[in-house]
Amino acid sequence: MSAFAAAIAGRYGIECDLQISGDGEAMVYHDDVLGRLTEGAGRLDAMTAAELKRVEFKGTADRMITLGELCDFVAGRAALLIELKNPRTSDRRLAARAAEVLSGYAGSAAVMSFEPRQVADLRRVAPRLPRGMAVRSHTWRDASAAPKRALAALASALASRPQFLAYAVRDLPALLPTVTHNLLAMPLLAWTVRSEDERQRAARYADQMIFEGFRP
(Lines give C-alpha, C1' and ligand atoms only; values in the text may rest on other atoms or scores of the structure.)
Protein backbone atom coordinates (compact mmCIF):
# COMPACT_ATOMS: atom_id res chain seq x y z
CA MET A 1 0.00 0.00 0.00
CA SER A 2 2.85 2.42 0.75
CA ALA A 3 4.20 1.95 -2.79
CA PHE A 4 0.79 2.77 -4.26
CA ALA A 5 0.57 5.88 -2.08
CA ALA A 6 4.02 6.95 -3.32
CA ALA A 7 2.99 6.43 -6.95
CA ILE A 8 -0.10 8.59 -6.49
CA ALA A 9 1.93 11.30 -4.77
CA GLY A 10 4.43 11.22 -7.64
CA ARG A 11 1.65 11.43 -10.26
CA TYR A 12 2.63 8.07 -11.75
CA GLY A 13 0.43 5.27 -12.97
CA ILE A 14 0.46 1.99 -11.05
CA GLU A 15 1.42 -1.42 -12.42
CA CYS A 16 0.69 -4.39 -10.18
CA ASP A 17 0.06 -8.13 -10.32
CA LEU A 18 -2.80 -10.36 -9.25
CA GLN A 19 -2.83 -13.90 -7.90
CA ILE A 20 -5.89 -15.97 -7.04
CA SER A 21 -6.45 -17.03 -3.43
CA GLY A 22 -7.80 -20.41 -2.43
CA ASP A 23 -11.26 -18.95 -1.94
CA GLY A 24 -11.31 -17.14 -5.28
CA GLU A 25 -10.23 -13.62 -4.34
CA ALA A 26 -7.95 -11.50 -6.53
CA MET A 27 -4.94 -10.66 -4.37
CA VAL A 28 -2.42 -7.94 -5.24
CA TYR A 29 0.85 -9.87 -5.23
CA HIS A 30 3.53 -10.84 -7.73
CA ASP A 31 4.57 -14.39 -6.80
CA ASP A 32 2.41 -17.48 -6.58
CA VAL A 33 4.13 -18.48 -3.32
CA LEU A 34 5.05 -16.65 -0.13
CA GLY A 35 8.61 -16.21 1.08
CA ARG A 36 10.54 -13.99 -1.33
CA LEU A 37 8.74 -10.76 -0.47
CA THR A 38 6.96 -11.83 2.68
CA GLU A 39 7.33 -13.83 5.81
CA GLY A 40 5.96 -17.37 5.80
CA ALA A 41 5.68 -19.99 3.07
CA GLY A 42 3.05 -21.68 0.96
CA ARG A 43 1.07 -21.25 -2.23
CA LEU A 44 -1.36 -18.36 -2.42
CA ASP A 45 -4.03 -20.53 -4.04
CA ALA A 46 -3.91 -22.80 -0.99
CA MET A 47 -4.73 -19.96 1.44
CA THR A 48 -7.82 -17.83 1.95
CA ALA A 49 -7.87 -14.09 1.35
CA ALA A 50 -8.25 -13.53 5.09
CA GLU A 51 -5.14 -15.60 5.79
CA LEU A 52 -3.12 -13.81 3.10
CA LYS A 53 -4.10 -10.37 4.42
CA ARG A 54 -2.41 -11.26 7.71
CA VAL A 55 0.92 -12.13 6.07
CA GLU A 56 3.73 -9.67 6.85
CA PHE A 57 5.83 -8.16 4.08
CA LYS A 58 9.58 -7.99 4.63
CA GLY A 59 10.94 -4.54 5.45
CA THR A 60 7.59 -2.78 5.74
CA ALA A 61 4.47 -2.69 7.86
CA ASP A 62 2.28 -3.26 4.77
CA ARG A 63 0.03 -6.26 4.34
CA MET A 64 -1.33 -7.91 1.23
CA ILE A 65 -4.55 -6.40 -0.12
CA THR A 66 -7.30 -7.44 -2.52
CA LEU A 67 -7.97 -5.83 -5.88
CA GLY A 68 -11.13 -4.33 -4.44
CA GLU A 69 -9.16 -2.70 -1.64
CA LEU A 70 -6.66 -1.35 -4.16
CA CYS A 71 -9.48 0.18 -6.21
CA ASP A 72 -11.00 1.74 -3.09
CA PHE A 73 -7.65 3.21 -2.12
CA VAL A 74 -6.67 4.57 -5.54
CA ALA A 75 -10.19 5.84 -6.29
CA GLY A 76 -9.31 7.13 -9.73
CA ARG A 77 -6.25 9.10 -8.63
CA ALA A 78 -3.90 7.06 -10.84
CA ALA A 79 -4.25 4.79 -13.85
CA LEU A 80 -4.07 1.07 -13.01
CA LEU A 81 -2.28 -1.47 -15.20
CA ILE A 82 -2.98 -4.92 -13.78
CA GLU A 83 -1.22 -8.13 -14.76
CA LEU A 84 -3.03 -11.41 -14.24
CA LYS A 85 -0.79 -14.23 -13.01
CA ASN A 86 -2.01 -17.77 -12.55
CA PRO A 87 0.33 -20.77 -12.22
CA ARG A 88 -2.40 -23.37 -12.78
CA THR A 89 -3.66 -23.41 -16.35
CA SER A 90 -6.85 -25.19 -15.31
CA ASP A 91 -7.84 -22.43 -12.87
CA ARG A 92 -10.00 -19.89 -14.75
CA ARG A 93 -11.17 -17.85 -11.76
CA LEU A 94 -8.74 -14.94 -11.80
CA ALA A 95 -9.89 -13.19 -14.97
CA ALA A 96 -13.51 -13.52 -13.94
CA ARG A 97 -12.87 -12.12 -10.46
CA ALA A 98 -10.76 -9.24 -11.75
CA ALA A 99 -13.44 -8.35 -14.30
CA GLU A 100 -16.11 -8.51 -11.62
CA VAL A 101 -14.25 -6.11 -9.33
CA LEU A 102 -13.26 -3.70 -12.10
CA SER A 103 -16.81 -3.57 -13.49
CA GLY A 104 -17.68 -1.36 -10.54
CA TYR A 105 -14.54 0.79 -10.69
CA ALA A 106 -14.90 4.31 -12.09
CA GLY A 107 -11.18 5.01 -12.53
CA SER A 108 -8.87 4.21 -15.46
CA ALA A 109 -7.79 0.57 -15.52
CA ALA A 110 -6.44 -1.97 -18.00
CA VAL A 111 -5.56 -5.64 -17.58
CA MET A 112 -2.87 -7.74 -19.27
CA SER A 113 -1.35 -11.20 -19.06
CA PHE A 114 1.43 -13.32 -20.52
CA GLU A 115 -1.14 -16.07 -21.00
CA PRO A 116 -3.36 -15.76 -24.14
CA ARG A 117 -6.15 -17.72 -22.45
CA GLN A 118 -6.33 -15.13 -19.68
CA VAL A 119 -6.68 -12.35 -22.24
CA ALA A 120 -9.29 -14.38 -24.09
CA ASP A 121 -11.19 -14.92 -20.83
CA LEU A 122 -11.15 -11.17 -20.22
CA ARG A 123 -12.52 -10.51 -23.69
CA ARG A 124 -15.30 -13.02 -23.08
CA VAL A 125 -16.41 -11.86 -19.62
CA ALA A 126 -15.58 -8.13 -19.88
CA PRO A 127 -15.32 -7.05 -23.53
CA ARG A 128 -15.28 -3.35 -22.62
CA LEU A 129 -12.37 -3.67 -20.20
CA PRO A 130 -9.09 -2.65 -21.92
CA ARG A 131 -6.92 -5.76 -22.27
CA GLY A 132 -3.38 -6.39 -23.42
CA MET A 133 -0.89 -9.14 -24.12
CA ALA A 134 2.48 -9.25 -22.39
CA VAL A 135 4.97 -11.19 -24.49
CA ARG A 136 8.05 -13.12 -23.50
CA SER A 137 10.48 -11.76 -26.02
CA HIS A 138 12.73 -14.85 -26.20
CA THR A 139 10.16 -16.31 -28.61
CA TRP A 140 11.14 -13.65 -31.12
CA ARG A 141 14.91 -13.40 -30.74
CA ASP A 142 15.49 -16.12 -33.33
CA ALA A 143 12.57 -15.18 -35.56
CA SER A 144 14.78 -14.82 -38.65
CA ALA A 145 16.10 -18.35 -38.15
CA ALA A 146 12.70 -19.87 -37.35
CA PRO A 147 10.05 -17.75 -39.11
CA LYS A 148 7.35 -20.43 -38.91
CA ARG A 149 7.69 -20.62 -35.14
CA ALA A 150 7.61 -16.83 -34.91
CA LEU A 151 4.47 -16.62 -37.03
CA ALA A 152 2.80 -19.30 -34.90
CA ALA A 153 3.65 -17.31 -31.77
CA LEU A 154 2.26 -14.16 -33.38
CA ALA A 155 -0.98 -15.95 -34.24
CA SER A 156 -1.27 -17.25 -30.66
CA ALA A 157 -0.61 -13.82 -29.18
CA LEU A 158 -3.18 -12.10 -31.38
CA ALA A 159 -5.89 -14.79 -31.24
CA SER A 160 -7.16 -13.40 -27.95
CA ARG A 161 -7.51 -9.99 -29.61
CA PRO A 162 -5.38 -7.86 -27.27
CA GLN A 163 -5.74 -4.10 -27.56
CA PHE A 164 -2.15 -3.31 -26.58
CA LEU A 165 1.16 -5.13 -26.29
CA ALA A 166 3.80 -5.14 -23.52
CA TYR A 167 7.33 -6.14 -24.57
CA ALA A 168 10.75 -6.36 -22.91
CA VAL A 169 12.58 -3.07 -23.33
CA ARG A 170 15.97 -4.80 -23.63
CA ASP A 171 14.83 -6.53 -26.84
CA LEU A 172 13.43 -3.50 -28.63
CA PRO A 173 13.27 -3.03 -31.57
CA ALA A 174 11.87 -6.43 -32.54
CA LEU A 175 9.62 -8.04 -35.14
CA LEU A 176 6.41 -8.58 -33.15
CA PRO A 177 6.09 -5.10 -31.61
CA THR A 178 7.06 -3.50 -34.94
CA VAL A 179 4.29 -5.38 -36.75
CA THR A 180 1.60 -4.75 -34.17
CA HIS A 181 2.60 -1.14 -33.56
CA ASN A 182 3.18 0.04 -37.12
CA LEU A 183 0.76 -2.10 -39.10
CA LEU A 184 -2.02 -2.73 -36.57
CA ALA A 185 -1.72 0.60 -34.69
CA MET A 186 -1.58 -1.31 -31.41
CA PRO A 187 -0.15 0.69 -28.45
CA LEU A 188 3.16 -0.65 -27.15
CA LEU A 189 4.42 -0.68 -23.56
CA ALA A 190 8.05 -1.43 -22.68
CA TRP A 191 8.96 -3.38 -19.52
CA THR A 192 10.81 -3.22 -17.18
CA VAL A 193 12.76 0.04 -17.47
CA ARG A 194 15.43 0.41 -14.78
CA SER A 195 17.98 2.88 -16.18
CA GLU A 196 18.29 6.07 -18.22
CA ASP A 197 19.52 4.10 -21.25
CA GLU A 198 16.46 1.86 -21.09
CA ARG A 199 14.24 4.90 -20.63
CA GLN A 200 15.61 6.39 -23.85
CA ARG A 201 15.09 3.08 -25.67
CA ALA A 202 11.50 2.94 -24.44
CA ALA A 203 10.87 6.51 -25.55
CA ARG A 204 12.21 5.70 -29.01
CA TYR A 205 10.32 2.48 -29.67
CA ALA A 206 7.30 2.37 -27.34
CA ASP A 207 4.35 4.52 -26.32
CA GLN A 208 4.83 4.12 -22.57
CA MET A 209 7.09 2.34 -20.09
CA ILE A 210 6.70 0.19 -17.01
CA PHE A 211 9.55 1.18 -14.70
CA GLU A 212 11.01 0.50 -11.27
CA GLY A 213 13.94 1.53 -9.11
CA PHE A 214 14.05 5.22 -10.10
CA ARG A 215 11.82 8.27 -10.49
CA PRO A 216 11.58 9.55 -14.09
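Colleague: Which are the buried residues of helix H1 (residues 2-9)?

Modeller: This is a predicted model, and in it the burial of a residue is judged by its relative accessible area, with buried meaning under 20%. On that basis, the buried residues of H1 are Phe4, Ala7 and Ile8.

Colleague: Within what arc do the buried residues of H1 fall, seen down the axis?

Modeller: An α-helix has 3.6 residues a turn, so residues three or four places apart point the same way. On the other side of H1, Ala3 and Ala9 are exposed. The buried residues line one face of the helix, because their directions, viewed along the axis of H1, fall within an arc of 100 degrees.

Colleague: Against which elements do the buried residues of H3 pack?

Modeller: In H3, the buried residues are Leu67, Leu70, Cys71 and Val74. Seen down the axis of H3, these residues fall within an arc of 100 degrees, so they line one face of the helix. For H1, the packing partners of its buried residues are strand E1 (14-20), strand E2 (26-28) and helix H3 (67-74). The buried residues of H3, in turn, pack against H1, E1, E2, strand E3 (80-84) and helix H4 (93-102).

Colleague: Which residue follows H3, and what is its phi near?

Modeller: H1 is followed by arginine 11, whose phi is positive, near 65 degrees. H3 is followed by alanine 75, and here too phi is positive, with a value near 50 degrees.

Colleague: Is the pair of tyrosine 12 and phenylalanine 211 stacked or edge-to-face?

Modeller: A search of the whole structure finds four aromatic pairs. In the pair of tyrosine 12 and phenylalanine 211, the ring centres are 5.3 Å apart and the planes stand at 75 degrees, and planes over 60 degrees apart count as edge-to-face. The pair links distant parts of the chain, with tyrosine 12 in the loop between H1 and E1 and phenylalanine 211 in strand E8 (residues 208-211), 199 residues apart. The pair is therefore edge-to-face.

Colleague: How many residues apart in sequence are the parts that phenylalanine 114 and tryptophan 191 tie together?

Modeller: Phenylalanine 114 and tryptophan 191 form an edge-to-face pair, 5.6 Å centre to centre and with 90 degrees between the planes. Both residues are buried. Phenylalanine 114 lies in the loop between strand E4 (109-113) and helix H5 (116-125), and tryptophan 191 lies in strand E7 (residues 188-193), so the parts that the pair ties together are 77 residues apart.

Definitions and conventions. Residues are numbered from 1 along each chain as its sequence is written. This is a predicted model: local features need pLDDT of at least 70, side-chain atom pairs count only at pLDDT 80 or more; totals for chains, interfaces and linings use all residues. Side-chain values use heavy atoms; hydrogens and water are left out. Buried means under 20% relative accessible area, exposed over 50%, partly exposed in between (1.4 Å probe, protein chains only). Helices (H or I, at least four residues) and strands (E, at least two) are DSSP runs, numbered from the N terminus. The arc is that of the directions from the helix axis to the C-beta atoms. Contact means heavy atoms within 4.5 Å. Rings of Phe, Tyr and Trp (its six-membered ring) pair if their centres lie within 6.5 Å; planes under 30 degrees apart count as stacked, over 60 as edge-to-face and the rest as tilted.
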